[in-house]
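Work through these exercises with the structure open beside you. Try each task before you read its solution.

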Amino acid sequence: MDLQHLSIKVFAERPETIDLSNFTGVFNSWIQRRVADELLIDVADYSHVFAGPGVILIGHEANYSLDNAGRRLGLLYNRKAKVEGTTHERLRQAARAALLACQRLEKEQALKFSGQEMRVIVNDRLIAPNTDETFTSLAPEFKSFFDTLYRGAEYLLNPTPDPRERLTVNVRAASRFDVETLLRNLS
Amino acid sequence: MKASNPFWREQLIDQIEPELAREIDIYETEIELRKQGKIDEKLFAETRLRRGAYGQRYDNGQRWDGQETQILQYPSTELTKGPNTVWDAPGMQRIKIPFGGLNARQLEVMADLAEEYSDGIAHVTTRQDFQLHFISIDDTPALMRRLAAVGITTREACGNSVRNVTACPYSGICGDEAFDVTPYAHALSQFLNGHPDTQDFGRKFKIAFSGCKDKGCGLVNMHDLGAIAVRRIETGVEKRGFELYVGGGLGSVPHQAKLFDTFLPEEELLPTSQAIARVFARLGEKKNRNRARIKFLVAQLGLEEFKRLVLEERALLPPDPEWTAFLNDLHAHDEQPLRPAASLNGAARPEGFDRWARTNIFRQKQSRYVTVTVTLPLGDATGTQLRGLADIARRCTRETIRTTVEQNIVLRWVSEADLPEVYAALKALGLEQPGAGTILDVTSCPGTDTCKLGIASSRGLAGELRIRLAEKSHTLDEAIQDLRIKVSGCFNSCGQHHVADLGFYGVSRHSGGYTVPYFQVVLGGQWTENAGSFGLAMGAIPSKNIPEVVERLTGRYVSERLKGESFQAFIKRIGKVEIKKMLDDLTRLPPHDQDASFYSDWGDTREFTIGDMGVGECAGEVVSRVEFDLAAAEREVFEAQVLLDKGEAQKAGEMAYASMVQAAKALVKEQFYDVPDDTDRIVSEFRTRFYDTQLFWDPFAGGKFGHYLLRAHDKHAEPATHEVARQRIEEAQLVVEAAYSCYGRMQAAKPPVKVKA
């Protein structure tokens with residue numbers, strides 16, 4: 001299965017203290033400073049939308065957002081451009097980009113992200129419909145990746161049930177992980 | 001580009017109408033040919049526009065980041081999808097929804113596309129379309145196939161074509177209508193879409209239907225072609241027909257549509273529209289796109305001559321069975337309820353329900369059924385919300401969903417007894433906001449968020465006004481509840497500011513080396529009676545002061561209105577001079593070093609200027625001679641409005657013309673300080689120095705505004721009717737705005753002068 005369009009969300013701690021309206025400026029400063037290897041284009045503010053995509057830093061290869069889908073605020077990395085390699089390598093690329101963005105927000109904005117819980121979305125309903133079969137066929141590759149990320153700690157993979165949704169897998173480790181640790185685990 | 005793109009064709013081939021499938025295949029081939037350099041970029045641009053694939057802000061590969069203009073280094077630096085439009089730059093996809101009608105599956109597909117190709121948001125426009133932003137052109141064929149598989153086309157959603165045919169969202173259920181216009185709107189949309197006679201327009205063509213004359217839902221008077229349902233008894237038999245209007249439109253200079261026929265029989269709707277299309281295609285302006293809408297042709301020919309040509313054309317048309325075929329099946333669009341009619345009958349109502357029900361429920365003519373308005377903030381909805389709405393529509397109705405021109409969605413045929421259930425389901429989706437169709441329900445075009453033409457942030461302002469008004473919604477006086485606020489990012493009126501009680505459109509001013517976002521305040525527009533009258537601009541005010549403008553105007557209306565007095569009547573009664581005085585202090589701009597917030601736009605932290613001046617410079621206090629002169633020109637426009645209000649059309653027209661000359665003189669003096677105070681000479685110098693050199697040309701509107709001045713100079717001695725004077729005032733306002741912009745560009749082009757502290 002050629003999984004190209006992977007999104008990874010890392011959840012923010014104490015989301016009630018985060019004011020989304022500040023983040024149009026934050027993301028614009030990322031464009032000014034060209035903080036990523038990717039081409040960063042524009043900022044879209046949807047903070048007025050209930051449980052919406054929040055504030056999005058639109059890029060060419062990927063979008064970054066402080067996403068509030070499901071009323072759970074987190075940093076979402078939404079890959080759009082092709083990444084060469086295996087599914088494991090593509091998950092690694094997306095997770096690393098998401099965690100680096102979290103690391104930057106932790107340093108610059110005093111946010112705190114929890115690495116204990118993550119969400120993977122396969123943004124392509126044709127290649128990866130949200131069915132038990134798809135999840136079963138992908139589970140070994142997901143496990144291979146999260147074994148690396150969590151370095152042997154226990155974790156659970158929970159797919160979401162609605163077949164109309166994109167294939168979405170919630171991952172929860174048994175113990176706490178911070179962003180720095182996870183980045184080290186990926187290095 | 002999505003990895004699945006190549007597979008959608010095969011996947012959906014059996015679900016797409018063959019003609020539509022072929023159309024998308026051709027488009028995909030054209031994309032490939034363009035990539036190979038075998039299609040000219042201009043031709044490709046029109047090709048994609050006719051499929052609804054539109055450009056988006058920054059697609060020229062540049063963006064001001066608040067400090068400098070960054071060159072966006074896309075991978076395909078050479079390949080373009082139109083003049084000055086980089087291939088890889090994200091674009092917008094517009095999706096036509098004729099009369100706003102949708103079923104649940106279509107809503108779900110919209111949700112899927114928003115998530116997979118866009119930024120997760122589907123946006124409802126002021127013409128009942130959907131728009132998806134930040135779309136890759138390479139994804140558009142797959143996206144179109146997925147829409148086509150559920151019966152939606154993007155064909156002719158943009159470009160010089162017949163755009164989405166809109167209709168009152170209450171058609172078929174409203175007690176005021178003569179009859180349900182839905183089947184007629186559907187038939188005309190189908191008939192004209194891709195019709196050979198609509199392929200050679202010089203400009204777009206918008207059509208609207210309304211079931212009644214009095215309300216605003218159809219907005220017929222601001223459309224190129226508008227039809228209002230009428231019944232008539234002929235020889236004892238009741239006949240259906242339409243009051244047909246032509247030549248209306250908003251845009252920079254709005255035109256009220258002209259009554260073409262008081263009763264066009266239903267069987268004549270399609271052929272007469274076809275004849276109108278033919279005349280427009282044959283005689284409409286093609287070279288100067290700023291004069292190419294049908295309103296200019298109607299004005300130029302006069303209604304009687306235009307009508308004669310259309311009827312002549314109609315007589316020559318070869319008969320087409322499609323003209324009347326739909327009349328045999330008019331009931332195909334009849335809707336039925338899913339659940340039996342039942343009243344609430346004292347059932348328990350959840351908290352917040354009553355307040356919501358007061359504004360978001362429309363009682364249908366069918367007893368005990370209601371239409372629920374789902375308020376979408378700024379027209380935006382997530383995939384999850386759209387799927388949730390699809391679920392409600394399936395559970396409580398027979399999927400009778402429509403979009404509205406106020407950027408909302410309505411669910412029709414809800415049994416009253418089901419309202420608490422619907423409310424609870426909407427609340428779970430975060431879509432239970434009350435205030436539909438009230439002052440809280442601010443509408444806006446995309447503006448600078450995504451539109452290439454946007455000057456100021458209409459969505460930013462609309463969002464701010466929504467927040468402020470919602471915060472005090474419990475205490476808002478009833479008198480202002482039903483006022484409408486509409487915001488456009490520029491003079492092009494996509495936010496329909498002309499038909500609002502309080503309308504705003506984005507402009508800019510240059511001050512002390514900075515460019516500053518402003519909004520023109522447009523008052524006196526009328527939403528009812530199908531956009532019965534258009535408001536006039538009262539003057540430009542810094543963007544950050546606009547909430548206070550709303551506060552003052554509504555506050556004064558509450559305290560000083562006469563019994564039963566409408567907002568339009570109130571504005572007219574107290575007069576523009578008084579309003580101007582009331583808002584005068586809000587026109588003042590604080591220096592940058594005192595309040596820098598005025599120098600960036602709502603929801604955008606970037607400094608609005610394109611300059612690069614350092615902190616501590618005192619240029620903010622310098623007001624140039626040109627700025628004084630342009631302010632004088634602006635004052636004259638205002639005086640012209642006052643004269644018009646007094647019924648002195650001739651003087652108003654002359655004053656408007658004088659203001660244009662004054663603006664031109666202000667600019668000419670920048671190059672030729674001693675220009676004689678002679679009108680002919682000023683206009684001549686303006687033409688040579690600013691018009692012919694294109695220095696005055698707007699980056700997007702071209703020479704349109706300069707042309708207004710030159711035409712006014714040629715015609716100013718002619719007698720001015722009220723309508724002519726009004727139009728000249730509109731044009732004068734735009735000439736003055738263009739002069740401000742031109743001066744801003746001239747200043748920006750100068751190297752910055754650093755002043756030592």
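Two strands pair if DSSP finds at least two bridges between them. Keep in mind that this is a predicted model.

**Exercise 1. Pair two strands.**
Find how strand S23 of chain B pairs with S24(B), and over how many bridges.

*Solution.* 
Step 1. Locate strand S23 of chain B at residues 514-523.
Step 2. Follow the pairing with S24(B): the sense is antiparallel, over 6 bridges.
Step 3. Pick out one facing pair. Val522(B) stands opposite Ala537(B) in S24(B).

**Exercise 2. Classify a loop residue.**
Is Leu483(B) buried, exposed or partly exposed?

*Solution.* 
Step 1. Find Leu483(B) in the loop between helix H15 (478-481) and strand S21 (485-488) of chain B.
Step 2. Recall the cut-offs: buried takes 20 or more other C-beta atoms within 10 Å, exposed takes 12 or fewer.
Step 3. Leu483(B) has 19 C-beta neighbours inside 10 Å, so it counts as partly exposed.
Step 4. Look for contacts beyond four places in sequence. Leu483(B) touches Ile439(B), Asp501(B), Leu502(B), Thr554(B) and Phe567(B).
Step 5. Compare sequence with space. Leu483(B) and Leu440(B) are 43 residues apart in sequence, while their C-alpha atoms are 8.8 Å apart.

**Exercise 3. Describe a helix crossing.**
Work out how H7 and H9 of chain B cross, and which residues meet there.

*Solution.* 
Step 1. Find helix H7 at residues 269-283 and helix H9 at residues 303-316.
Step 2. Their axes come within 8 Å and cross at roughly 115 degrees. The crossing is right-handed.
Step 3. List the residues. Pro271(B), Thr272(B), Ala275(B), Ile276(B), Arg278(B) and Val279(B) in H7(B) meet Leu309(B), Val310(B), Glu313(B) and Arg314(B) in H9(B).
Step 4. Sort them by class: 6 nonpolar, 1 polar and 3 charged residues.

Methods: Residues numbered from 1 in each chain as written. Chains lettered and ligands numbered in written order. Predicted model: local features only at pLDDT ≥ 70, side-chain atom pairs only at ≥ 80, totals over all residues. Helix = DSSP H or I, 4+ residues; strand = E, 2+ residues; numbered from the N terminus. Contact = placed C-beta atoms within 7 Å. Axes fitted to C-alpha atoms, helices over the stretch in contact; angles between N-to-C directions. Left-handed = near helix turned anticlockwise from the far one by under 90°. Nonpolar A, V, L, I, M, F, W, Y, C, P; charged D, E, K, R; others polar.
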